[in-house]
Amino acid sequence: MMFSRRIPLHRLLSRCAVMDSKVLREAAEIAQLYRDQCRFPALCRADVGPVITSRYGGQYCNVYTEWTQRDLERNENVKFCRQYIVFHDDKSVVYSGPSGNCTEIKGELLSVDSPSGDMKAVLRESTIKGEDKQFLEIWHKNRKLKCLNLTTLSKHGKVYEDDQFGCMVWSHSETHLLYVAEKKRPKTESYFQGPETGLLADEEETIKTDKKEETVLGQQFEYYEDWGEALVNKSSPVLCVLDIEGSNITVLEGIPANISPGQAFWAPNDTGLVFVGWWHEPFRLGLKYCANRRSSLFYVDLASGKCEQLSSNSSAVCSPRLSPDLCRIVYMECGVFGPHQQCNRLCMYDWYTKQTSVVVDVVQRAREDGFTGIYSSMLSPRCWSADSQRVLMSCAQRCRKDLLVVDTSTGEVTSLTSQSEEGSWNLLNIHRDLMVVSCSSPNCPPDLRVGFLPEKGSESKMSWVTLEETQPQADISWQTLNFSPPPEEDNSQYPGLDFNAILLKPKEMTAGSKLPLIVMPHGGPHSVLVSEWFLSTAVLCKMGFSVLLVNYRGSLGFGQDNILSLPGNIGTQDVKDVQLAVDSVLKQGDFDKQKIAVVGGSHGGFLACHLIGQYPEFYKACVARNPVTNLASMIGSTDIPDWCMVEAGYEYNTDIHLEPAILEQMLNKSPIKHVSKVKTPVLLMLGEDDKRVPSKQGIEYYRALKALQVPVRLLWYPGNNHSLSKVDAESDGFMNTALWIIQHLSL
Ligand SMILES: CSCC[C@H](NC=O)C(=O)N[C@@H](C)C(=O)O
C-alpha cells in the first residue's frame, strides 16, 4: 500500500489499525448530494373534494394536495399544489391519476374550499409600496368574487396563520367565514408628537378632539406579552366573522377576558362557535411543543353572546373535531404543567346530551396487543369515518408512526398499518371514508396514497392505491433496535421500562472496513424519532456514515410511565440510555470505535454536551444546535421556565420562588457541570431569535470551552429561531456539521 507523504502520522496509524470505510469528504460533492436529496418534497395538506357523478354514472372526486420543497437556489421553502382524480365505487378506488401538473403557490397564507366545493376563501399577503398587506379573497367557480383589504379595513391586527391558534372555516350555510386575528391595538403617539404650542387654544382643542378616539399618547413602548417561540407578535387573538354577502367583519365579543381563543369552528346549525381557549393569566408561557398549557373547549352563542365552558377546568386540550353527523366533538386532553408532551386522553363531547366521555384513556404501559397510547399533537383536519362512529389518527407507537382507528362507542383501537413493511404513516385527511395518507421510511421519501377505510372488523383488509410514487434509496439500510437498561440503571419508581433506537447504515460496506458512527438523541426530551424520511440522516448515510437515532426513556410512544420516568433524572438516565444504545451497537462489530460523533439540538444538544463531558474519551466530534447547557441560568430567560423546574424534578407554579437549593440542583443536572472534563471539539449552531433556548446558553458553553482551550466553533444564524429551519441556515448547518465531523474524526 502506498501512502502520500502529506498524510499526518496519526492518520497513517489509524489507517493501519482498521481499514477506513469510504466517506465522502469533498465539500462540493457533499453539497451536490444534499442538493439531490432536497428534491424530494414533503406533503403538508390534502383535501378530498365533493363526489361528482359522470354522465355515464361513474363516481369520482378530486384530491387536492399541497407539498413543500427546499429551493436552495432561491433560498426558500416553496409550496406547490397538485390535483388527482379518483374514480371509485362505494368502497374501492377504481381508477386514479394526476389531473394536471404542479403549480407553485405564492403569497397564500391560508386557503379553504367551502363545504359544497363551489367557493374558496384565500388569505393572501402582498407587499404594496414596501408595506405588507393582508387581503381576504372569496372565489366562486372561475372568478374572484371579493377581495377585502384587511389591513386598510383595520378591524383587527394580522390574521393568525399558525397551527396553534390559526383557522379559516366556512359556516355550514356557506354565508360566513370564521378566522382568528390579533386584537386591534390603539394607535399611539408620543406626548411630544402632537401639535406644536403656538396654536390658538381652540385650534389645539379641535385637533385633540379629532384625535381622541383613535390615538393614545405615551403608549408606543408598551410591552405586549406573546406566546413565545415561533409565536412572536401573537398576543391577544380574537375570533372574527366575515359576512360574505355584506362584506362585513365582526370581531366577536363575549369571550372571557382571561382567555385567548383559537382552533375555532362553527357549531351545528351555525348557532355559534366552538373554540379552544387558553388561560393567559397571570402571564403567557410558550405554546409551541407545549401541549400542557391550561386550556378548555368553549362555545360562544352568536345570538346571546353567552360563552360556555364545555370541557374540564383543569386540563389542557387541543384538536377538537366535529363528527359528520354534527352530533359529537372529539378532542385530545392531557394534564397541565408536568412534561410538555404526554400520553393523551381522547375525549368526546356529545352536543345534544352535553355529556363528555373518555374514549381512550392514558396508557401507562404498553398493552398486550402492543397499543402504547395516543401521542398525536394534532388530529388531521377531518378525522371521522362517514358514519360518525370511528376516529382515525396517525400516532407514534414506539418508533413507528401508525394509522390507528378508534371505535368511539367501545374505545377499541385497531391499527391499519402495524403489519405493513413500510416505516411510518401520516394521515393527511379523510372524507366519506376515503383516506389520503403519506408513507415514508428512513430510506424512502414520502409517497402519496389513497384508500377506503374498511368496515369495522375488516381493518386488516386495508388496501392502498399510490397516487404519487417515490424513489426508494437502495443504498441505505435501517433497523430498529430495542434496549433494556441493566438492573443498576433501572428506574426504581418506574421499573422495567425499555427504549429503542433506529440504526441507519450504508448498504454497501467495503469488506473488512469499519463504519464511522454519528449518534443523534432527539430533543424535547418528550418527543420521539420515528422511522420516517429525514433529509440530513439520509445524506449522512449516503456519504458513508452510519447514524444512530436514540429514543431514550422519556420519549413519546412508549407509554406514560416511560415519559414520567425522566423528569428529575435528566443528565443521568437519558445520558446513560444513549450511551447504552451506542455501546450495544458497537458490539455489532461493524463500527470504528475511534470514529464516533454526537449531534443533537435543544434537549438533544443538552445530551450531546453531557455525553462529551461524562465520556470524555469516547466522542471525537460534537455538534450542538441551540443546546440547553445550564438550566439554572436559563430559567429566567426561556419562554417555558416551567420546563426547567419540571425536568429538574420540581413542581411548577406561576408564583414560584426560586430557592438556592433548586438552582443548585439545576446546575448539577446541566452539561456545564461537566465542562472541565470535555476534550471533544464542539461545533455550536445558534439562532439569534431563539426564545426557547436563548442563544446565551450556547455562548455560556462556548466561553467555558474557550477558557479550557477545547476546540470550539460557533455559527450564528440571524433571523432564525429555535429550529434553525430557514433554508440557508439549515443547509449551512448541515454542511458544517458534516465537515466538522469529517475533520475531527480524521476521515
Ligand atoms: C427549555 S427548552 C427545552 C428543550 C426543547 N423542548 C421543547 O421545546 C427541545 O428539546 N425542543 C426540541 C423539540 C427541538 O427543538 O428539537
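The questions and answers below set computed values for this predicted model against the definitions behind them.

This is a predicted model in which local features need pLDDT of at least 70 and side-chain atom pairs count only at pLDDT 80 or more, whereas totals for chains, interfaces and linings use all residues. Residues are numbered from 1 along each chain as its sequence is written, and side-chain values use heavy atoms, with hydrogens and water left out.

Q: Why is Asp642 called buried?
A: Buried means under 20% relative accessible area, exposed means over 50%, and partly exposed lies in between, with a 1.4 Å probe and protein chains only. Asp642 has 0% relative accessibility, and therefore counts as buried.

Q: What makes the contact between Asp642 and Arg293 a salt bridge?
A: The term requires a side-chain nitrogen of Lys or Arg within 4 Å of a carboxyl oxygen of Asp or Glu. The closest N and O atoms of Asp642 and Arg293 are 2.9 Å apart, and the pair forms a salt bridge. Asp642 lies in helix H10 and Arg293 in the loop between strand S19 (272–279) and strand S20 (295–301), so the pair ties together parts that are 349 residues apart in sequence. Arg293 counts as buried because its relative accessibility is 6%.

Q: How do you know that helix H10 is mostly covered?
A: Helices are DSSP runs of H or I with at least four residues, strands are runs of E with at least two, and both are numbered from the N terminus. Helix H10 covers residues 641–648, and eight of its eight residues are buried; among them are Trp643, Cys644 and Met645. The cover over these buried residues includes helix H8 (603–614), helix H9 (631–634) and helix H11 (660–668), where contact means heavy atoms within 4.5 Å. Just after H10, Gly649 takes a positive phi of about 105°.

Q: Why are Lys354 and Glu308 described as a salt bridge, and where do they lie?
A: Their side chains meet at 3.5 Å, N to O, and form a salt bridge. The pair links distant parts of the chain, with Lys354 in the loop between strand S24 (345–350) and strand S25 (356–360) and Glu308 in strand S21 (residues 307–309), 46 residues apart. Lys354 is partly exposed because its relative accessible area is 49%, and Glu308 is partly exposed as well, with a relative accessible area of 27%.

Q: Why does Val358 count as partly exposed?
A: Val358, found in strand S25, has 45% relative accessibility and so counts as partly exposed. Leaving out residues up to four places away in sequence, Val358 touches Arg345, Leu346 and Cys347.

Q: What makes Tyr191, Phe192 and Leu217 a nonpolar patch?
A: Patches are made of residues with over 30% relative accessible area and no salt bridge, with like charges joined within 9 Å and nonpolar side chains (Val, Leu, Ile, Met, Phe, Trp, Tyr) within 5 Å. Tyr191, Phe192 and Leu217 form such a patch on the surface, with about 420 Å² of accessible area together, where areas come from the Shrake-Rupley method with a 1.4 Å probe and, for residues, only the protein chains shown count as cover. Phe192 lies in the loop between strand S14 (187–189) and helix H4 (201–212), and is exposed because its relative accessible area is 78%.

Q: Why are strand S26 and strand S28 called edge strands?
A: Two strands pair if DSSP finds at least two bridges between them. Three strands form an open sheet in the order S26-S27-S28, with antiparallel pairing, and strand S26 (390–397) and strand S28 (413–415) are the edge strands, as each pairs on one side only. Three bridges join strand S27 (residues 400–407) to S28, and the bridge partner of Leu404 in S28 is Ser415.

Q: How do you know that Lys141 is exposed, and what is its phi?
A: Lys141 has 64% relative accessibility and therefore counts as exposed. Lys141 has a positive phi of about 45° although it is not a glycine, and it lies in the loop between strand S10 (131–140) and strand S11 (143–149).

Q: Why does Asn269 count as exposed?
A: Asn269 is exposed because its relative accessible area is 61%. Asn269 lies in the loop between strand S18 (259–266) and S19, and has a positive phi of about 65° although it is not a glycine.
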